[in-house]
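Colleague: I am new to this model. Please take me through one part of it closely.

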Amino acid sequence: SQFQVMVMLLMSFVESLTIVLPFYPTGTMERVVTEGEVATAATYAHLFSSLPSCGRPTRLIVYDLHTLQNRFYLHGNTVASLHTTVPCLIPRLEAAGIDAVAFPDDGAAKRFKHMFDADRYAIIVCGKVRDGDKRVVTVQDGDATGRRVIVIDDLVQTGGTLYECGAKLLELGAASVSAFVAHGVFPRDAWRRFARGGDRDVFSKFYVTNSIPTTTDRLPKNDVFEVIDLTDRLVGDLLRAPT
């Protein structure tokens, strides 16, 4: 297994070891709400933490970790080096005429809002409120009227909230709505619903990085999706000092 390879390397007197894990696959399972569930984010971290020492900590590079406190599950010989994919998106926004950035909830706004120039982009924050027996998406801050908006989040799975956010922004007068997520999980090919002709076809562009290539390699060409290659960003982050 990959862990056996890493153990072998560390026991072979390597000077240092850096592990590049763009997507932390158990990042959404950082806590439990029902007795008997397993916080697999912690389990995964314990595996890395159990690696032998080579005299200095093993560096674990992760992009847009779903819950930042996951880094504290790591202990012992492995230290998280957290990075973001957002700089890969920024150059594309001007070319697409984007003039507003939206977030599906307050948590995403706190994570990513500071990465966007407030003088260039209007900031819009969405959120869910209870309407009878349902919870519906509303705009809690900002105005989408006439704006070319992009919705930003760290990952998409089935994408229900992302879709509701995009649909609400169009309903409130946005000129167009696009989306960006660092990690396209898309279980059971959930991306099909966002493709042209799908029942969640509301986005002019759907940007996603290739942090999960087994998924993004299957996305259709000449459709709504644009896959952003992380290679150059990753090489730069490898050369920069750990954070």
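Which strands does helix α7 lie across, and at about what angle does it run to β2?

Modeller: This is a predicted model, where local features need pLDDT of at least 70, side-chain atom pairs count only at pLDDT 80 or more, and totals for chains, interfaces and linings use all residues. Residues are numbered from 1 along each chain as its sequence is written, and side-chain values use heavy atoms, without hydrogens and water.

Start with the helix. Helix α7 covers residues 231–239 and lies across β1, β2 and β3. Contact here means heavy atoms within 4.5 Å. Helices (H or I, at least four residues) and strands (E, at least two) are DSSP runs, numbered from the N terminus. To β2, α7 runs at about 145 degrees. That angle is taken between N-to-C directions, from 0 to 180 degrees, with axes fitted to C-alpha atoms, for helices over the stretch in contact.

Now the sheet under discussion. Its three strands follow the order β1-β2-β3. The sheet is open, and its pairing is parallel. Two strands pair if DSSP finds at least two bridges between them. At the edges are β1 (18–20) and β3 (78–83), each pairing on one side only. Neighbouring strands are turned by 25 degrees against each other on average, direction ignored.

Look next at β2, residues 58–63. Six bridges join β2 to β3, in the parallel sense. Pick out Leu 60 there: its bridge partner in β3 is Ala 80. In general, strands of a sheet pair through backbone hydrogen bonds.

Back to your question: α7 lies across β1, β2 and β3, at about 145 degrees to β2.
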